Amino acid sequence: MNSNNSGEKNKIKRRNFFYYIGAAAVTALVATKVPFSLFKKEKDSPQRTSSIKVKENPYAVKRSSNNG
Amino acid sequence: MDNNRTDINEPGNNAGENTETKDPNYWRSLKELYNDPEFIKAKNNEFGDEASTPMDVNKMTGLSRRRFIALLSASAALAAAGCANYRDKGLVVPYNQKPEEVILGIPNFYASTCTGCSAACGTLIKTREGRPIKVDGNPDHPVNKGKLCTRGQASIINLYDPTRLKEPLYSAEKKNHLQTTWDEAYKNIVNAMTSANSSGKEIAVIAGTITSPALKKLFDDLKLVYPALKVYSYELFNNNARRNAWIKSTGKRIMPVIQLDKAKIILALESDFLGNDENAIEYTRMFSETRNVMDGKEFSRLYSVEGAISLTGMNADYRLRLRTDAIEELVMCLLNEFVIKKKKSDFTSDSKVTSVLGSYDLDKFIAKYNLNTKTVKTLVEDLEKNEGKAFVMAGDKLAESTHFAVNLLNEVIGGNKLYSTETEDVEILPLSTTEEIDALVNNMNSGKVGVVIHLDSNPAFHFSTDYNYTEALKKVQTVVTCTELINESSDTSNYILPIHNQLEAWGDHKTRTGFYSMQQPVISPLYNTRQKEAILLNLAKPAEQYTEKQYHDYLMKNWQTAIYPGMGTLLGFSKTWNSILHDGIAYVSEKSAPTTGTFSTDALASYTGKVKAGSDFIVLLQGNNTLGDGRFANNGWLMELPNPVTKIVWDNYAAVSVQTAADLGINSNDLIDVTIGNKKQTFPVFVQPGLADKVIEVSLGYGRTVCGIVGQGIGVNAGMLMAKNPAISERIYNNAQVSKASGTYELISTQEHQPIDENPLTKDIQYRRGIIREGRYEEFKKNKNFLKEELDKERRDLTPINKEHPYQESDYKGVKWGMSIDLNKCTGCGSCVVACSVENNIPVVGKEQVKANREMMWIRIDRYYSGTPDSPKANLQPMLCQHCDFAPCENVCPVAATTHSSDGLNSMAYNRCVGTRYCSNNCPYKVRRFNYFDFRDHFNDSFQYADSLSLLMNPEVTVRSRGVMEKCSFCLQRIMFERQNAIEQGRAIKGSNVSTACQDACPAYAINFGDYNEEGSEIKKWRNHELGYYVLEEIKVKPNVTYIAKLRNTEEEKA
């Protein structure tokens, strides 16, 4: 038996294959470009804290090493 | 576990205590001792079930080759699309205007004070580019001398806690709080206070222990504006019993500081001075100084008598288990022995003393409680022989009357000679009495209190439920809570005012005579928070506009007028101020009246012998080395730190003895109901060797209902069992009823994780290979090589393993890094574990992952018991990567991600690792940790990826991601820092300039690190010490961590 013919009935047409590839590419493009975050429900999660400004206290007295 | 347990030893028999055997039967847990099938299974399954479940083809869905390829392609496309939006890690941008004090890549250090408890230890905070990244002890501080406890080490995470309050909140109904402004809040609170003041209603400020003289002055100033204001202070883990007993003994409030480093004999009575009792850091240092095999000084001898099993008990030379309520009787019997029988001390002629002591007898006591007669007799001999060098330590939780009896015993045996004459323990503001708190609550209930301000305190969680404080709070018109995180008290408040973290705040602290400890902010406030003292200052002067500098100026002015003149310095104030901030310490010449003096026995007749032992269950409400009184509940590192005794993480539990478990028909993970009077609480059970029978030991601080997302609902609130007028003490109840409850609850202990005997070659290795090596101090004095000779004898029996090295040895002529750990000094406190986690960006993984053996801490402290479950002797051994010269992990890595450096380090290239875990499998020490997930992402809804927590990261250490193996690096970043300095200065690298994070943290000075080839270095001395050994050295992997064998200062057991 020719094993190449075993799945003949399941094969898709060459033209359909390219249609599917094209559709997949468009879907991937849309998926990466659409700003889904706009639809996301705002919630008070810890990650959403506003950016924090780090500043040393001007009145503190520093040491230059841990030995004094 | 077999509840009959007759094959191990007779229940309740203490006679086996401290029996010396040549071949200790080491066991790590009861599961191992009783050959629990679960443990055997776990030993043979290193990575857990989930990691090794084989693929069952039959259970797979039928899938055509084409469909498989299609799905694979779709997955690849989706993955590619997903990668386009990979987690935004932000931009790295240079400073537009670099702050003067910042040099990129170079850390700054600031001296400050820890406010995690009332000890007020000095801290040294390391900042990088303005961000505090590590808290260590201040080496210049006379109390903690550069060391810090687990909580102090982990406190850094609290600054960056994403759930910190960021804005003031308000609610008229004391629920569903909404954001408000500081101005609005101030205006309304001032109005409420003014109104209360004018209508004769009380304004109550409730704070914790006040250690700040400036804050005390601020209270005084506030009282001038609001005469109706009263200050209350409380502490869950307080010193009230000790202080009240001292007042009764000597008539003085100031208490002595004990020079434990000069003690030869220490008797600890339910005292955990090496663990959870107050001042543990200083006592650990002092105790370790008496266990130094290097200095040739005589070892001290530590006796521990306790109902619970504490870290101190585990480190004791002799340990006796005794019901806690019988301890006072033991002290009275000892007093009888010395005063009546041996005619010691001047009290022999004091009829007040002799008449009380006459009814006690030590021999009868020994028989009654089935104690080891020889041990008790040795104790009595030691106390007698070492007059003036022996000291009795009573535990914080013991009753006032027991403390009084112990004070008297110390007078009799000369323990009072160990009271320091240099410095004394002072209090700035005494804690409120039960009567005062009771009166406050009554006033609240009757509408006589107009305003309550919780000043960084949480009485709704801490106060006994007898007060019914939360209900009383509802009757107060205006309740204000000043806090960093929401808590049970803020939940029933009108105003929740967010306050600075300790690293953002100013302060001065005084706990001893002779010096002040200074607190300075190392970072400007991250959020719209205010210093709690500044809030009070603003309430006192509402007309003044708030500035961040306000309390700084107040503090400075107070120093300039009240303290500086007494400092006797020729420097101007400004220079002095800068100098004390730089040092973190201000020494003053002051001499208070001596704390010691005539001992008053007036109170004796009505006072001693008050605690009568019963036969019911005793409940001990314990401290802990993790959450403290609950204020650290939201700290993941502390939640995940194994309890030093039980090794349980993420929970508290009721620990019971093996016999008690058998009597109640319960086992670990069962539930029990504990009832004291009309209060009942349900706890999961942990069967703990060494506990006295009918003693239930539970940790306080757990069971928070309102806190951040990490700690909420973790554990059970044992504090609800506390009574406001307890018969013995707030933390000891001997009238408890205990019964088995329905259901189970799984507790997770790390003790059986990473077992090192999982394969036939190394099976039962701890019995045969001397992982733990121990001996008696007397033997060491006679023959310093006695353990080495013993080891050599054993090695001869180890063929065929005992072969030549398989590889050519490198001579390591340059620097050769190594570590030594002195098991005589190590108490197993866990400070090193937390310090390592902070330094090396180790994530919190959560209880479920710990259960699956996936904890990530690079150091674990192994606990080995020997002896019987009733009277175990414990050995504690920090275990970390041994940086073996012939590391078996290196030659199995298929991608050479773990390799050996020329200076002897076993290194990891994280971005080369593909996560085969072969290295971990081949590591005989089981010290490698695998990132099964991106744990920062996986734990608690990406909690650890919050913006603020990323500021916590040490920039010198790679943040590891999923699929990567990691392990101890010997703090490679610190070695590189020294290397950089050496290059800049044109000199050779010096090993003694490098210290690892664990070494810096260790309060017992048990860890040494350096270059083995550096002449005259400490590490070289340790490596060549007669007691030095390597764990599993017989398997020829040539580890580079030298362990100094443990010596027990015990008498020889005669057959």
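Colleague: What should I know about the numbering and the atoms used?

Modeller: Residues are numbered from 1 along each chain as its sequence is written, and chains are lettered from A, with ligands numbered from 1, in the order in which they are written. This is a predicted model, in which local features need pLDDT of at least 70 and side-chain atom pairs count only at pLDDT 80 or more, while totals for chains, interfaces and linings use all residues; side-chain values use heavy atoms, with hydrogens and water left out.

Colleague: Why is B:His462 called buried?

Modeller: Buried means under 20% relative accessible area, exposed means over 50%, and partly exposed lies in between, with a 1.4 Å probe and protein chains only. B:His462 has 10% relative accessibility, so it counts as buried. This residue is found in helix α18 (residues 459-462) of chain B, where helices are DSSP runs of H or I with at least four residues, strands are runs of E with at least two, and both are numbered from the N terminus. Leaving out residues up to four places away in sequence, B:His462 touches B:Tyr234, B:Leu236 and B:Asp629, contact being heavy atoms within 4.5 Å.

Colleague: What makes the pair B:Lys781 and B:Glu778 a salt bridge?

Modeller: The term requires a side-chain nitrogen of Lys or Arg within 4 Å of a carboxyl oxygen of Asp or Glu. The closest N and O atoms of B:Lys781 and B:Glu778 are 3.4 Å apart, and the pair forms a salt bridge. The two residues are separated by about one helical turn, because they are three residues apart in helix α27 (residues 777-782) of chain B. With a relative accessible area of 36%, B:Lys781 is partly exposed, and B:Glu778, at 28%, is partly exposed.

Colleague: How do you know whether B:Glu966 is buried or exposed?

Modeller: Its relative accessibility is 0%, so B:Glu966 counts as buried. B:Glu966 forms a salt bridge with B:Arg960, the closest N and O atoms being 2.9 Å apart, and B:Arg960, at 3%, counts as buried. In the salt bridge of B:Glu978 with B:Arg987, whose closest N and O atoms are 2.8 Å apart, B:Glu978 is buried at 5%, whereas B:Arg987 is partly exposed at 31%.

Colleague: What makes the set around B:Leu269 and B:Ile696 a nonpolar core?

Modeller: Such a core is a set of buried Ala, Val, Leu, Ile, Met, Phe, Trp, Tyr and Cys residues joined through side-chain atoms within 4.5 Å. The largest one has 208 residues, and B:Leu269 and B:Ile696 have the most contacts inside it. Helix α12 (residues 327-341) of chain B gives the most to this core, with nine residues. Among the residues that B:Ile696 touches, not counting those up to four places away in sequence, are B:Phe617, B:Val656 and B:Val738.

Colleague: How do you know how much area chain A and chain B bury between them?

Modeller: Buried area is the accessible area, with a 1.4 Å probe, that two parts lose on being put together, summed over both. For chain A and chain B this is about 2900 Å², 58% of it on carbon and sulfur atoms. The contact takes 26 residues from chain A and 42 residues from chain B. The rule finds one salt bridge across this interface; B:Asp140 forms a salt bridge with A:Arg63, with the closest N and O atoms 2.8 Å apart.
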